[in-house]
Amino acid sequence: MKMKKTVPIMLLSLCMAVLMCLSATSCSGVWSYLWDRPAETDIDGNLLIIPETESAAETYVPFEGAVEYDEKKVHAGVDIYYDNETGKYRSQIIVIDAGHQAEGNSEKEPVGPESSEMKLKVSWGATGVYTKTEEHVLNLEVALKLRDELMKRGYSVVMIRETAEVNISNKERAEIANKYDAAAFIRIHGNSWPDDPSWNGASTICQREDNPYPDCAAHYGQSRLLAESILPAFCKATRMATYKLQETNDLAGTNWSRVPTVVVEMGFLSNVDDDRRMSQPAFWHMAAEGIANGLDDYFTAMRALETDKTSEDDRIATKEPSES
């Protein structure tokens with residue numbers, strides 16, 4: 001009788017041991033997916049590893065004399081002007097600011113003209129939660145691709161920086177854009193919110209209509225249109241989710257600007273999926289193409305508005321005075 005009771009107990013113990021092993025293996029797999037994310041797609045099924053055949057990289061050809069980013073090389077530094085002598089839109093100068101730099105600057109400067117509020121001259125930027133990519137490197141990779149794409153489309157371009165080893169405050173970056181009377185000032189950044197790593201997607205930022213700095217406030221309408229034009233074009237080209245279009249008066253690089261200005265936050269470095277996607281060279285080309293498409297849309301909209309205004313002015317000028 002004792003033998004008959006022992007066998008079922010041994011079989012039951014063996015089954016439980018097997019189930020525990022299977023459960024541990026399964027949990028390990030789930031844990032690995034949630035935290036290590038080795039899968040090729042995100043939780044929505046979108047590709048994280050972008051095929052080269054689906055990217056602008058397939059047809060990418062830098063313009064003559066282009067500088068490719070290499071941390072081991074010394075570049076021209078700051079304020080580099082590319083005059084597109086044969087370009088269709090040569091007179092439209094686009095100033096590109098690859099946000100941040102290798103080392104932040106904890107010294108402070110006014111957040112806007114004659115402001116008593118002070119902010120860091122340059123913050124250190126974020127770091128990818130998964131890839132450990134530094135934001136200043138990501139920003140410059142995309143900025144250089146955008147430079148080349150805009151030059152091919154006929155625009156003239158000014159690069160705020162083409163190397164990480166610079167020390168340029170946000171105010172100084174805006175002043176470079178002002179110096180060239182930029183048709184558009186594009187500030188390229190990566191977003192981050194470590195408190196909630198689920199936040200994802202791209203956004204654009206401009207000043208609010210009630211911006212307290214008159215020269216900046218004067219360009220609210222153009223900056224808003226610029227933000228509205230670039231965000232959908234960028235998300236379409238990169239397949240990034242849309243986070244939001246934001247307005248704020250807290251950014252020194254915008255408040256010191258006297259030209260149409262937009263911040264492009266390409267995605268969240270604090271989000272695993274966004275971080276992995278943004279680290280890929282194919283994404284850099286797609287991002288540049290998306291921003292360039294948005295700029296084309298912006299200038300098309302501006303020309304339409306100017307045509308409508310001219311037509312309205314002509315109509316008013318030729319209208320016979322009404323009888324009193």
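What does the accessible surface of the protein chain come to, and what share of it belongs to carbon and sulfur atoms? Show the surface and you're looking at about 17100 Å², with 55% belonging to carbon and sulfur atoms. Keep in mind throughout that this is a predicted model.

**The whole chain**

Switch to cartoon view. You'll find eight helices and nine strands in the protein chain. Of its 324 residues, 47% are buried. Now think about who touches whom: among contacts between residues at least 6 apart in sequence, 80% join residues at least 24 apart.

**Aromatic pairs**

Next, show the aromatic side chains. There are nine aromatic pairs to find here. Start by selecting Y89 and Y155: their ring centres are 5.1 Å apart and their planes sit at 25°, so this pair is stacked. Y89 belongs to strand β2 (residues 89-98) and Y155 to strand β5 (residues 155-161), so the pair ties together parts 66 residues apart in sequence. Both Y89 and Y155 are buried.

Move on to Y243 and F268. This pair is edge-to-face, with 5.1 Å from centre to centre and 85° between the planes. Y243 is in strand β8 (residues 242-247) and F268 is in strand β9 (residues 261-268), so here the parts tied together are 25 residues apart in sequence.

**A lysine over a ring, and its helix**

Select K171 and W256. K171 lies over the face of W256, at 4.5 Å from the ring centre. Then colour helix α3 (residues 170-179), where the buried residues are N170, R173, A174, I176, A177 and N178. As for the spacing, an α-helix has 3.6 residues a turn, so residues three or four places apart point the same way. Just after α3, pick out D181, which takes a positive phi of about 50°.

**Along β9 and beyond**

Now click on M266, in strand β9. M266 counts as buried, at 0% relative accessibility. What does M266 touch, not counting residues up to four places away in sequence? The list is L138, N139, V142, I188, H189, G190, G201, A202, F234, M240, M278 and F283. Take M240 from that list: M266 and M240 are 26 residues apart in sequence, with 8.2 Å between them in space, C-alpha to C-alpha.

At 8% relative accessibility, N271 counts as buried. Leaving aside neighbours within four places in sequence, N271 is in contact with V129, P197, S198, W199 and N200.

**Last stop: the largest pocket**

Finish at the largest pocket, which has a volume of about 650 Å³. It is lined by 27 residues, and the closest to its centre are H100, S123, H189, L251 and E265. Colour β4 (118-122), β6 (184-191), β8 and β9 to see the elements that give two or more residues to the lining. Which element gives the most? That's β6, with four residues.

Note on methods
Residues numbered from 1 in each chain as written. Predicted model: local features only at pLDDT ≥ 70, side-chain atom pairs only at ≥ 80, totals over all residues. Heavy atoms only, no water. Buried < 20%, exposed > 50% of the residue type's maximum accessible area, 1.4 Å probe, protein only. Contact = heavy atoms within 4.5 Å. Areas by Shrake-Rupley, 256 points an atom, 1.4 Å probe, with all protein chains shown as cover. Phe/Tyr/Trp six-rings, centres within 6.5 Å; stacked < 30°, edge-to-face > 60°. Lys NZ or Arg CZ within 6 Å of the ring centre and 35° of its normal. 1 Å grid on protein atoms, 1.4 Å probe; cavity = no way out; pocket = protein on both sides within 12 Å on 5 of 7 lines; lining within 4 Å. Points joined across faces, edges and corners; volume = space filled by probe spheres on them.
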